[in-house]
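Me: I am new to reading protein structures. Please take me through this one feature by feature.

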Amino acid sequence: MKRTVEEINARIKSGDAVVLTAEEAIELVKKVGVEQATKEVDVVTTGTFGAMCSSGAFINFGHSEPPIKMGKVWLNDVPAYGGLAAVDAFIGATEPSTNGRADYGGAHVIEDLIAGRSVKLKATSQGTDCYPRRDIETFISLKTVNQAYLFNPRNAYQNYAAAVNSGEKTLFTYMGKLLPNLKNCTYSSAGQLSPLLKDPNLRTIGIGTRIFLGGAQGYVSWEGTQYKTNVPLRNGVPSASARSLAVIGDLRDMSTDYVRALEMHKYGFTLGLGIGIPIPVLDEDMMRTCALTDEQLFAPVVDYALQSRNRRPVQEVSYAELRSGTITVKGKKVRTSALSSYFKARQVAVELKRRVEEGEFMLSQFVQALPHEKATRPLDVRSKEEVL
Amino acid sequence: MGNSRFMLMFTPDLVNEPITYRMVKDFDLNINILRAEIDDNGGRLIINFEGSPQQIKQALKYLTDNKVQVKELVEYVRKDSERCTDCGMCVSICPVMAFQVDKVTWKVVFLNDKCIACGMCVDACPSAAMKLGQ
């Protein structure tokens, strides 16, 4: 049994496409097997909602009278990068406020814009013959700017570590609050709902793939930063962080249901983002990976007490164990916490299913596959000659 | 017999007063200290009193006469359901398991009556949904 994206799109248009969420696909395969499920189902929708630090938005503010070539830019007192053309800027999710407000950063600016709130813009400039103005202070919103779109260099990680702390003091990390002496464990993948775990070799996801991004129709724009393929596999699926996606989508079509400012205490700000990808069931192999369960998907347990890039995993655990509430590490029962919301991951997958079923969201064929083999490189302190 | 929870706030001059001893000795209350943050600069005590309404009333009069600020705690930690994304970070942090994940809906349920107001979840919550106090 084989089918193409074109055939699936034709069935979506005629209202005949059978669309299941990844959870529903798991249940169907358990009942009727992969072969029969492949015959019955056209599309499997996936979803994830988690902290994605490498996120931010490009904004073009429009030109003032007299015009200004913005050098330094602040949005609600959070610095945005203005080293672009005159009125373009990039607001990064993790950027802290400069006005002493400890609970507000770039992610909050993005959430405020999506929520339809006004945001204070301040910019300064040296002034030029063509852009004489030296400074401006005004308010903007999504109604006033020309463009505002998320352009995230690394999202939707294919798997991630589960974090523990064997040390004697509490650690505040991007994996949340880690209690000493292995008192808790945090993990951050939607497991059996997570997009890149359901198409582990990215057979259907590449540059140009249409995705659900924060409630909008977005696109995969590139490989994500730190994309890598040389990782251990379990059941044919990476059992450590591997591939990732760079994504793009219009802020105006997003919703705060799926885009939220988050703060990891004593670490910093990050963006909680919902991403979903519809996977075309091209053949039985595609259905087999779509139906992989939390029992078959594994994450490495990593001890964050070791402050080194060379942390070796303590062990591997399945997402079923992580989701049960306790895992055993070094003979000790450790309580677990998810950092990514399974509730919201499911919400994304269900909403995406509805949009595909109702013909609002068509599947796409990518224009370029992402790398089949790639390793990451470390950063070392080297001389001018050594790097050549 | 009644059960009431209070936050007692001390100024530096009161830190040497044997307040909890008096609660037991003079007013015959059963006390349970839920959280204590007291040093040379004063501090606060979150405390549970068990006793008759009359005994609790007299104890509170003693405290206010001695310039201890008293605030009854009806709800220690509040969960802002709008901010909460149901991630579950709080679940493994809470020492008394006041958070549970509903395994059907995968929503995080806050069991108010179990909460001891320790505040562990407040800085652990990425979406700033947990607030300590009233």
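Me: How many bridges join strand E2 of chain A to E23(A), and which way do the two strands run?

Reply: Strands of a sheet pair through backbone hydrogen bonds, either parallel or antiparallel. Two strands count as paired if DSSP finds at least two bridges between them. Here E2 (residues 43–45) and E23 of chain A run antiparallel and are joined by 3 bridges. In this pairing A:Val43 stands opposite A:Pro280 in E23(A).

Me: Where do the labels and numbers come from?

Reply: Residues are numbered from 1 along each chain as its sequence is written, while chains are lettered from A and ligands numbered from 1 in the order in which they are written. This is a predicted model, where local features need pLDDT of at least 70, side-chain atom pairs count only at pLDDT 80 or more, and totals for chains, interfaces and linings use all residues. As for the elements, helices (H or I, at least four residues) and strands (E, at least two) are DSSP runs, numbered from the N terminus.

Me: In what order do the strands of that sheet stand?

Reply: The order is E1-E2-E23 in chain A, an open sheet of 3 strands with mixed pairing. E1 (19–21) and E23 (278–280) each have a single partner strand and stand at the edges, so one side of each has no neighbour in the sheet. Neighbouring strands here are turned by 25° against each other on average, ignoring direction.

Me: Let's zoom in on H7(A). Is A:Leu352 buried or exposed?

Reply: Count the C-beta atoms, placed from the backbone, that lie within 10 Å of the residue's own: 20 or more others make it buried, 12 or fewer exposed, and anything in between partly exposed. A:Leu352 sits in helix H7 of chain A, and A:Leu352 is buried because 26 other C-beta atoms lie within 10 Å.

Me: Which residues is A:Leu352 in contact with, leaving aside its neighbours within four places in sequence?

Reply: Two residues are in contact if their C-beta atoms, placed from the backbone, lie within 7 Å. For A:Leu352 the partners, with those neighbours set aside, are A:Thr45, A:Gly47, A:Phe212, A:Gly276, A:Pro278 and A:Phe361.

Me: Why is helix H3 of chain A largely enclosed by the rest of the structure?

Reply: In H3 (residues 106–114) of chain A, 7 of the 9 residues are buried, so the helix is largely enclosed. The buried ones are A:Gly106, A:Ala107, A:His108, A:Val109, A:Ile110, A:Leu113 and A:Ile114. Just after H3(A), A:Gly116 takes a positive phi of about 85°.

Me: How is chain A divided into domains?

Reply: Domain bounds come from an automatic or database domain assignment. Chain A has domain 1 (5–52 + 152–369) and domain 2 (62–145), and their C-alpha centres lie 33 Å apart. Between them, 14 residues of domain 1 of chain A are in contact with 14 residues of domain 2 of chain A. On the domain 1 side of this contact, E21 and strand E22 (268–276) of chain A give two or more residues. The largest share of that side, 5 residues, comes from E21(A).

Me: And how many residues of chain A are in contact with chain B?

Reply: 26 residues of chain A are in contact with 16 residues of chain B. The side of chain A that touches chain B has 10 nonpolar, 9 polar and 7 charged residues. In this sorting, Ala, Val, Leu, Ile, Met, Phe, Trp, Tyr, Cys and Pro count as nonpolar, Asp, Glu, Lys and Arg as charged, and the others, Gly among them, as polar.

Me: What can I say about chain B itself?

Reply: Chain B has 2 helices and 8 strands, in the pattern β-α-β-β-α-β-β-β-β-β along the sequence. Of its 134 residues, 31% count as buried. Chain B is divided into domain 1 (2–72) and domain 2 (76–134), with 27 Å between their centres, taken over C-alpha atoms. For confidence, look at pLDDT, the predictor's confidence in each residue, from 0 to 100. Chain B has a mean pLDDT of 85, and 97% of its residues reach 70 or more.

Terms used. Axes fitted to C-alpha atoms, helices over the stretch in contact; angles between N-to-C directions.
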